[in-house]
Amino acid sequence: MTNISNNMGECLCPVGQFFNAAANACQACNARCKNCSGSATFCTECKDASPVSSLNTATGTCSCTDTAKALNASTGFCESCHATCLTCSLPGSITSCSSCVGQATVISSACVCSQLQKYMDRTTGQCTACPNNRCKTCNYNASNQVVCTSCQLNAALASSVDCACNTGF
């Protein structure tokens with residue numbers, strides 16, 4: 001281990017570590033911190049540098065400056081929200097949206113189209129027309145296919161994916 005000292009001859013912990021008095025040893029900072037003080041989670045410098053992230057010096061916490069990004073707790077870097085999210089609490093997660101793009105609404109931390117005959121396209125983040133105009137509502141199934149979940153008047157689910165007109169209509 002390399003000894004690091006300041007101009008007064010005091011021994012210092014290397015960058016990315018803090019002195020833990022109870023253990024009388026240098027210990028690693030949290031992944032979000034480039035440098036920390038007093039505890040592993042009190043950042044004095046963020047790993048993802050300004051202007052990407054900002055440091056709250058009172059609380060020692062880092063946050064992303066771009067609202068379309070969130071801090072990845074494992075890596076300490078700001079990463080993009082899922083395409084359906086305008087803002088989020090976890091990067092890349094479809095179920096961590098705080099607000100949505102387009103005409104979608106947040107329901108249980110996921111973006112959902114509030115219009116009938118539309119679903120939230122997971123790739124573009126846009127409310128998109130259902131594949132069949134007889135669908136009243138549609139969404140992704142377990143196989144990641146967009147399917148009708150309810151049908152228009154005088155139509156019924158004819159298969160696991162589609163609506164068909166009732167007999168006589």
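Me: What does alanine 70 touch, leaving aside neighbours within four places in sequence?
Reply: Alanine 70 is in contact with Cys64, Phe77, Cys78, Glu79, Cys81, Cys88, Ser89, Leu90 and Pro91. The model is a predicted one.

Me: Which residues make up the largest nonpolar core?
Reply: There are 11 of them: Ala70, Met120, Ala104, and the cysteines Cys81, Cys85, Cys88, Cys97, Cys100, Cys111, Cys113 and Cys127.

Me: And which elements give two or more residues to this core?
Reply: Strand E11 (85–88), strand E12 (97–100) and strand E14 (110–113) do.

Me: What about the second core, what does it include?
Reply: That core is separate and has 10 residues, among them Cys36, Cys43, Leu71 and Cys78. Cys78 is also one of the contacts of alanine 70.

Me: Stepping back, how many helices and strands are in the protein?
Reply: Zero helices and 20 strands.

Me: What is the radius of gyration, and what would a compact globule of 169 residues have?
Reply: The protein has 25 Å, while a compact globule with that number of residues would have a value near 15 Å. Along the principal axes, the C-alpha atoms fill a box of roughly 95 × 25 × 20 Å.

Me: How much of the protein is made up of buried residues?
Reply: Buried residues come to 31% of the 169.

Me: And the contacts with a separation of 6 or more, what part of them comes from residues 24 or more positions apart?
Reply: Those residues account for 13% of such contacts.

Me: New topic, serine 53. Where is it, and is it buried or exposed?
Reply: Serine 53 lies in strand E7, which covers residues 53–56. Serine 53 counts as buried because its relative accessibility is 4%, and the cut-off for buried is under 20%.

Me: What does serine 53 touch, not counting residues up to four places away?
Reply: Cys46, Asp48, Ser63, Cys64, Thr65 and Cys78. Among these, Cys64 and Cys78 are in contact with alanine 70 too.

Me: Serine 54 then, which strand is it in, and why is it called partly exposed?
Reply: Serine 54 is also found in strand E7. Serine 54 is partly exposed because its relative accessible area is 31%, and that class runs between 20% and 50%.

Me: What are the contacts of serine 54, neighbours within four places aside?
Reply: Serine 54 is in contact with Cys46, Thr61, Cys62, Ser63 and Thr65.

Me: On to the loops. Where is asparagine 24, and what is its phi?
Reply: Asparagine 24 is in the loop between strand E3 (17–20) and strand E4 (25–28). Its phi is positive, about 50°, although asparagine 24 is not a glycine.

Me: Is asparagine 24 buried or exposed?
Reply: Asparagine 24 counts as exposed, because its relative accessibility is 59% and the cut-off for exposed is over 50%.

Me: What is phi of glutamine 117, and where is that residue?
Reply: Phi of glutamine 117 is near 65°, again a positive value in a residue other than glycine. Glutamine 117 is in the loop between E14 and strand E15 (118–120). At 31% relative accessibility, glutamine 117 counts as partly exposed.

Me: Last one, how many positive and negative side chains are there?
Reply: There are 8 positive and 7 negative side chains, and the centres of the two sets lie 12 Å apart.

Conventions
Residues are numbered from 1 along each chain as its sequence is written. This is a predicted model: local features need pLDDT of at least 70, side-chain atom pairs count only at pLDDT 80 or more; totals for chains, interfaces and linings use all residues. Side-chain values use heavy atoms; hydrogens and water are left out. Helices (H or I, at least four residues) and strands (E, at least two) are DSSP runs, numbered from the N terminus. The radius of gyration is taken over C-alpha atoms; the globule rule is 2.2 Å times the number of residues to the power 0.38. Buried means under 20% relative accessible area, exposed over 50%, partly exposed in between (1.4 Å probe, protein chains only). Contact means heavy atoms within 4.5 Å. Lys and Arg count as positive and Asp and Glu as negative; His and the chain ends are not counted. The place of a charge is taken as NZ of Lys, CZ of Arg, CG of Asp or CD of Glu. A nonpolar core is a set of buried Ala, Val, Leu, Ile, Met, Phe, Trp, Tyr and Cys residues joined through side-chain atoms within 4.5 Å.
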